[in-house]
Amino acid sequence: MKRRGCVQWWAVIAFATGVPVFTGCSSFFPPISGGSSGGGGSTSNLVYVANQTANSIGGFAIGTGTLTAVKNAPLAVSYTPLSMVVTPSNSLLYVGAATGIFVYFINSDGSLTTPSTGSQPAAVSAPSLAVSPDGQWLIALDGTTQQLDIFKISASTGGLTSVNAPTTYSPSSGTWQPTVVRVSPDGTLIFAALGTAGDVVFTFNTSTGVAATSHTLATGDAATGDYGLAVNASTTYLYIARSGSKGGVSVFSVGTGGALNSVTGSPFAAGAGTYSVTLDKSGTYVYTANRTDGTISGYTIVPGTTTAALSLTPLSGSPYTSGAGVQSIGVDSTGKYLLAAAVNGAPDLTMYSFDIAVPGKLDPATSVATGVDPAGAFALALTH
């Protein structure tokens with residue numbers, strides 16, 4: 001249970017071993033001294049997978065059409081991983097669980113090392129994590145309380161410090177199901193998807209780590225939920241993976257302070273159970289993971305004469321076959337491959353290349369098991 005205020009807060013130092021160490025209220029996040037610190041970060045092209053069923057973390061080096069397991073992967077953990085994020089420096093991997101947030105150093109060969117020192121927040125349920133573009137702040141979408149938990153990152157140790165009180169919010173309607181949090185590429189806005197409760201937009205100050213509720217967005221239907229988010233490079237459009245009776249890809253232009261305005265024709269039709277969304281590196285194409293039918297939908301982004309006139313045109317061959325329950329997708333650091341994790345496997349992780357002759361079209365490149373099956377490949381994180 002989460003408690004606020006100096007008198008009530010108690011901290012848990014939760015390493016990957018899962019052994020809690022309790023500290024007093026006077027230092028919610030204890031100072032870090034001695035012990036090991038992180039390496040220089042990996043320059044490799046890597047993908048990590050949270051295996052929910054197997055309680056492990058899969059790790060793979062991305063080659064030319066290949067996925068090769070990194071040393072010591074899959075890494076067994078004593079908790080159930082739900083979310084993960086890699087810092088911009090590629091030096092730290094944070095993994096969120098219902099019981100806390102865990103940190104690992106990413107070594108030059110892609111293997112993961114548990115720090116011998118570093119602190120984690122107490123009792124933070126973290127169904128989704130994001131890191132600010134400057135690498136200074138870790139944002140956790142809280143799974144038990146309607147709030148954002150924001151922490152200052154120690155680049156050398158991976159330790160987290162709570163600088164400000166959590167940022168609370170109130171959804172406009174629907175059933176609250178916190179699913180995804182994303183920070184805009186310019187670092188000024190935070191977006192959170194909350195299932196049928198819609199979405200919340202926050203303004204964000206990267207100097208102070210202070211976030212403030214700015215706008216809420218309703219799905220407009222009790223049987224429709226928002227579960228995935230992507231923001232384009234110029235922070236002018238928000239793409240939402242929307243499931244249910246009014247499902248598909250919802251596209252909104254982003255105005256001052258994060259005000260959202262739907263584009264004409266939105267939502268655009270996708271497969272069943274649209275759950276995750278990502279853009280390619282050029283910002284020309286958008287892809288969604290359709291969890292219910294195990295497919296990936298792809299679209300060309302067609303700019304309009306006005307911001308409201310932007311539209312999506314389905315790509316050739318879309319939707320593309322993927323694993324059962326595919327629900328987490330992302331593009332690798334080179335921009336050459338799209339990775340897709342499927343919670344029900346068959347296969348766990350699929351890698352697609354972008355077709356040479358038909359721009360944007362996905363071609364299966366390879367697939368792998370991410371752990372001892374059933375692994376339950378729930379979420380993925382890629383290096384930058």
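Let's start with the charged pairs: the count comes to two salt bridges, where a salt bridge is a side-chain nitrogen of Lys or Arg within 4 Å of a carboxyl oxygen of Asp or Glu. One of them joins the side chains of Asp-226 and Arg-242, at 2.6 Å from N to O. Asp-226 sits in strand β20 (residues 224-231) and Arg-242 in strand β21 (residues 237-244), so this pair ties together parts that are 16 residues apart in sequence. Strands here are DSSP runs of E with at least two residues, and helices are runs of H or I with at least four, each numbered from the N terminus. Asp-226 is buried, with a relative accessible area of 0%, and Arg-242 is buried too, at 6%. Buried means under 20% relative accessible area, exposed means over 50%, and partly exposed lies in between, using a 1.4 Å probe and protein chains only. The side chains of Lys-361 and Asp-363 also meet in a salt bridge, at 3.1 Å from N to O; here Lys-361 counts as partly exposed, with 21% relative accessibility.

A word on how to read these values: this is a predicted model, in which local features need pLDDT of at least 70 and side-chain atom pairs count only at pLDDT 80 or more, while totals for chains, interfaces and linings use all residues. Residues are numbered from 1 along each chain as its sequence is written, and side-chain values use heavy atoms, with hydrogens and water left out.

Now step back to the whole chain. Its secondary structure comes to zero helices and 33 strands, and buried residues make up 54% of its 384 residues. Taking contacts (heavy atoms within 4.5 Å) with a separation of 6 or more, 50% are between residues 24 or more positions apart.

How are the strands arranged in the open sheet of four? The order is β7-β8-β9-β10, with antiparallel pairing; two strands pair if DSSP finds at least two bridges between them. The edge strands, each pairing on one side only, are β7 (81-86) and β10 (112-113). Strand β9 (residues 100-106) is joined to β10 by two bridges, and Phe-105 stands opposite Thr-113 in β10.

Five bridges join β29 to strand β30 (residues 337-342), and the two run antiparallel. Within this pairing, Ile-329 stands opposite Ala-340 in β30. The hairpin of β29 and β30 has five residues between the strands, and Gly-335 there takes a positive phi near 80°.

Ser-322 lies in the loop between β28 (320-321) and β29. This residue is buried, with a relative accessible area of 12%. Leaving out residues up to four places away in sequence, Ser-322 touches Gly-294, Thr-295, Ile-296, Ala-340, Thr-350 and Tyr-352. Ser-322 and Ser-367 are 45 residues apart in sequence, yet 9.8 Å apart in space from C-alpha to C-alpha.

Finally, where is there enclosed space? The residues that line the largest cavity include Tyr-48, Ile-57, Val-70, Lys-71 and Leu-112. Strand β4 (residues 56-62) gives the most to this lining, with three residues.

Technical notes. 1 Å grid on protein atoms, 1.4 Å probe; cavity = no way out; pocket = protein on both sides within 12 Å on 5 of 7 lines; lining within 4 Å.
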